[in-house]
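Subject: Structure handover

Hello,

Here is the structure for you to look over. My notes follow below it.

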Amino acid sequence: MNFDPRQSRPAPASLLAFAKDKLDALDAATRRRRFSPTTRKPAGEAARDGRQLVSFSCNDYLGLSHDPRVVRAAQDAAAAYGAGAGASRLVTGDYPLLHQLERRLAALKGTESALVFGSGMLTNIGVIPALIGEGGVIVMDELSHSCIHSGARLSGAQVEIFSHNDAAHAQDILSRHMDAPRKLVITETVFSMDGDRAPLDALYEISRQHDAWLMTDDAHGFGLADMPANPAPLQMGTLSKSLGSYGGYLCAPEPVVDLLTSRARTLIYSTALPPASAGAALAALDIIESEPERCARPLNLARRFTRALDLPGPQSAIAPIILGTEERALEASAALSERGFLVIAIRPPTVPVGAARLRFTFSASHTDDDVERLIEATRKALAP
Ligand SMILES: *Cc1c(COP(=O)(O)O)cnc(C)c1O
């Protein structure tokens, strides 16, 4: 069955020209992205380009992706239920671990019910259009993750953007849409590129006043940040970051979960999460519930780093250093790599033009010494 590339038919010239033109434009803007093969290891290490680096770029905030208990649970789940789920959950993919996982997530978030999806991105792209469509209004923070924008656009609802973390602006927009039959307010709990937190209490209150439904994306908060006093009625998140596994979920009232089971296209028309991912997530939840010191560590390490470098105090495990141009961010990243640290440069369009940065993420798997050496290396890398 080996395919001989010499026998391949030539691709349409227009297709090749299209791809090459687009790539040239990306190159010209320093926006072209390339893979960098990386082997992640326990204790926050990553091997790349033949070098051993300590990674401050993973979202594995609690170091659980390599925890032997989590890896073992993934192996056990695969052995019991197979490497793949075999079909969508509504066909034959609804294996028992998914229900255990949903009960655990709902209990942790204080909701009646929960629904697991294939990923966090599939959750946002499935949930938003199933709850709101033409005639509805979505009011979302300008720095919301790309997949929230995608879900919002796919819904066909009118999309209104409020200035970052500006609850008064969100209120202003809502007051102009009093008559809309359905309104959805969306924000992240912890913002992925800046590490700051949303004003959840204020957004909860103005949503309630305007009969809008508040949806929060907890991708970067789960297991790390305290629960808000008034949790949103719609709380989504990912199993892929602090839980060290893969998958996504929505915690919500039971009728909402029941509706999504019949209406969320990314749930209905996509194969269920692999059993290993569900098994790993369950083991990770056990660890999060029993090891509070592990959950507190990433923020404490981020604090130590920002204090030493006179940066603004962190609100999460994420600490950015904004450098401006793509070139400066790439140079700083290369200088840190020379000193043994993997800190990826984040560039537009992931962040606004002129706000290219280094994004440091701290993990419970980092040692105190890792962070002390990172502080020294960052000082030197950024010295003029
Ligand atoms: C990573 C991320 C997602 C997507 O989650 P995946 O499980 O990786 O698909 C969604 N929202 C935010 C804010 C994220 O940072």
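Does Ala 302 count as buried or exposed, and at what relative accessibility? Ala 302 counts as buried because its relative accessibility is 0%. Buried means under 20% relative accessible area, exposed over 50%, and partly exposed in between, with a 1.4 Å probe and protein chains only.

First, the ground rules. This is a predicted model: local features need pLDDT of at least 70 and side-chain atom pairs count only at pLDDT 80 or more, while totals for chains, interfaces and linings use all residues. Residues are numbered from 1 along each chain as its sequence is written, and side-chain values use heavy atoms, with hydrogens and water left out.

Ala 302 sits in helix H11 (residues 292-308). Helices (H or I, at least four residues) and strands (E, at least two) are DSSP runs, numbered from the N terminus. Ala 302 touches Pro 314, Ser 316, Ala 317 and Phe 362, leaving aside residues up to four places away in sequence. Contact here means heavy atoms within 4.5 Å. From Ala 302 to Ala 229 is 73 residues in sequence and 24 Å in space, C-alpha to C-alpha.

Thr 123 belongs to helix H4 (residues 120-131). Thr 123 also counts as buried, because its relative accessibility is 0%. Its contacts, not counting residues up to four places away in sequence, are Phe 117, Met 236, Gly 248, Tyr 249 and Leu 250.

**The ligand**

The ligand is surrounded by 14 residues. The closest are Gly 120, Asp 217, His 220, Thr 238 and Lys 241. A residue is near a molecule if one of its heavy atoms lies within 4 Å of it.

- Met 121: a polar backbone atom is 2.9 Å from a ligand oxygen atom.
- Asp 217: an N or O atom in the side chain is 2.6 Å from a ligand nitrogen atom.
- His 220: a polar side-chain atom is 2.6 Å from a ligand oxygen atom.

Taken alone, the ligand exposes 380 Å², and the protein buries 88% of that. Accessible areas come from the Shrake-Rupley method with a 1.4 Å probe; for residues, only the protein chains shown count as cover.

**The three-stranded sheet**

An open sheet of 3 strands runs in the order S11-S14-S13, with antiparallel pairing. Strands S11 (318-324) and S13 (345-346) are at the edges with a single partner strand each, so one side of each has no neighbour in the sheet. Helix H12 (residues 326-338) packs on this sheet and touches S11, S13 and S14. The direction of H12 makes about 35° with that of S14. Axes are lines fitted to C-alpha atoms, for helices over the stretch in contact, and angles run from 0 to 180 degrees between N-to-C directions. S11 and S14 (residues 356-361) are joined by 6 bridges. Two strands pair if DSSP finds at least two bridges between them. Ile 321 stands opposite Leu 358 in S14.

**The four-stranded sheet**

Another open sheet has 4 strands in the order S1-S2-S3-S12, with mixed pairing. Its edge strands are S1 (38-40) and S12 (341-342), each pairing on one side only. S1 and S2 (residues 45-48) run antiparallel, joined by 3 bridges. Their hairpin has 4 residues between the strands, and Ala 43 there takes a positive phi near 60°.

Best wishes

Conventions
Polar contact = N/O pair within 3.5 Å; in protein donor to acceptor, adjacent residues only side chain to side chain.
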